[in-house]
Amino acid sequence: MEASGPEAANAGIEGSADPCSSAGSGYRLSVHQIVGGGKAADIILWKCRRATAGVIFGATIAWWLFEKSELSFLTICCDVLLILIVVQFIWVKISGLLHKTPRPLPELVLSEEMVNNAAASFRVKVNNMLMIAHDITLGKDFRLFFQVVSVLWLLSVIGNFYSSVTLAYIGTIALVTVPALYHRHQEHVDRYAGMVHRNFSRHYKIVDENVISRLPRSFIRDKDD
């Protein structure tokens, strides 16, 4: 028996609010697939605990160096590279004196295919951003315009209290904690996310009816075109 009325509406909203469901099908994506899969997803979801701990430790050290030492980015990068080069040079010389074979360093080579794939992916993302900016500027999508303005205003307010380095550090920590927590408590998060989505949709509908419906008809016509 099919659901009707508010139950069907709520089911549709909850389905759209589920970030693990692919559009247009009943196939349910796993959290591992959502975060990109591969080694990076294993690190983000704490399946490689040592690598994840290394990311957190490295991010914390980098944040402390940039934020607390009050040194410039160029100075810190040069100092780190200088220390690494000197340590590696000394280790190779000591290994030669002790007649030991130093551990071989991996060859860092960028293949042409890797560069082409990265450039193509970057081009697609830039074009998508330009198309979104074009639609927002011409007022074709009022909802997207409202969302972008809200996010930019929120980032501007947050930027008054935190530096860019601190925000990058918070983002890195969130990247390796939020997906893992969501993966562990996915059922509860999806249920509450559906409730929040319904409340937001209800409030947005009120704004849409009370604000957009009162805009000049010429503006609405241009927006619909």
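Ala, Val, Leu, Ile, Met, Phe, Trp, Tyr, Cys and Pro count as nonpolar here, Asp, Glu, Lys and Arg as charged, and the others, Gly among them, as polar. With that sorting, the lining of the largest pocket splits into five nonpolar, two polar and two charged residues. The model is a predicted one, where local features need pLDDT of at least 70 and side-chain atom pairs count only at pLDDT 80 or more, while totals for chains, interfaces and linings use all residues. Residues are numbered from 1 along each chain as its sequence is written, and side-chain values use heavy atoms, with hydrogens and water left out.

The overall layout comes next. The chain has 11 helices and zero strands, with helices (H or I, at least four residues) and strands (E, at least two) taken as DSSP runs numbered from the N terminus. Buried residues make up 12% of the 225 residues; buried means under 20% relative accessible area, exposed over 50%, and partly exposed in between (1.4 Å probe, protein chains only).

Back to the pocket. A pocket is an open set of points on a 1 Å grid over the protein atoms alone, where a 1.4 Å probe fits, with protein on both sides within 12 Å along at least five of seven lines; lining residues have an atom within 4 Å of a point. The largest pocket holds about 160 Å³ of space, a volume being the space filled by probe spheres set on the points, which are joined across faces, edges and corners. Its lining is made up of Leu45, Trp46, Arg49, Val176, Thr177, Ala180, Leu181, His183 and Arg184. Helix α9 (residues 178-184) gives the most to this lining, with four residues. Trp46 sits in the loop between α3 (38-44) and α4 (49-68). The phi of Trp46 is near 65 degrees, a positive value in a residue other than glycine. Trp46 counts as partly exposed because its relative accessibility is 29%.

The surface has a nonpolar patch too, formed by Leu82, Val86, Phe89, Ile90, Ile94, Leu97 and Leu98, with about 700 Å² of accessible area together. Patch residues have over 30% relative accessible area and no salt bridge, and nonpolar side chains (Val, Leu, Ile, Met, Phe, Trp, Tyr) are joined within 5 Å, like charges within 9 Å. A salt bridge is a side-chain nitrogen of Lys or Arg within 4 Å of a carboxyl oxygen of Asp or Glu. The areas come from the Shrake-Rupley method with a 1.4 Å probe, and for residues only the protein chains shown count as cover. Leu97, one of the patch residues, belongs to helix α5 (residues 73-97) and is exposed, at a relative accessible area of 69%.

Beyond α5, Pro104 is in the loop between α5 and α6 (112-137). Pro104 is exposed, since its relative accessible area is 70%. The C-alpha atoms of Pro104 and Val92 are separated by 10.0 Å, and the two residues are 12 residues apart along the chain.

Arg143, in helix α7 (residues 142-159), is partly exposed at 46%; its C-alpha atom and that of Asp208, 65 residues apart along the chain, are separated by 9.1 Å. Ser163, in the loop between α7 and α8 (164-175), is partly exposed at 27% relative accessibility.
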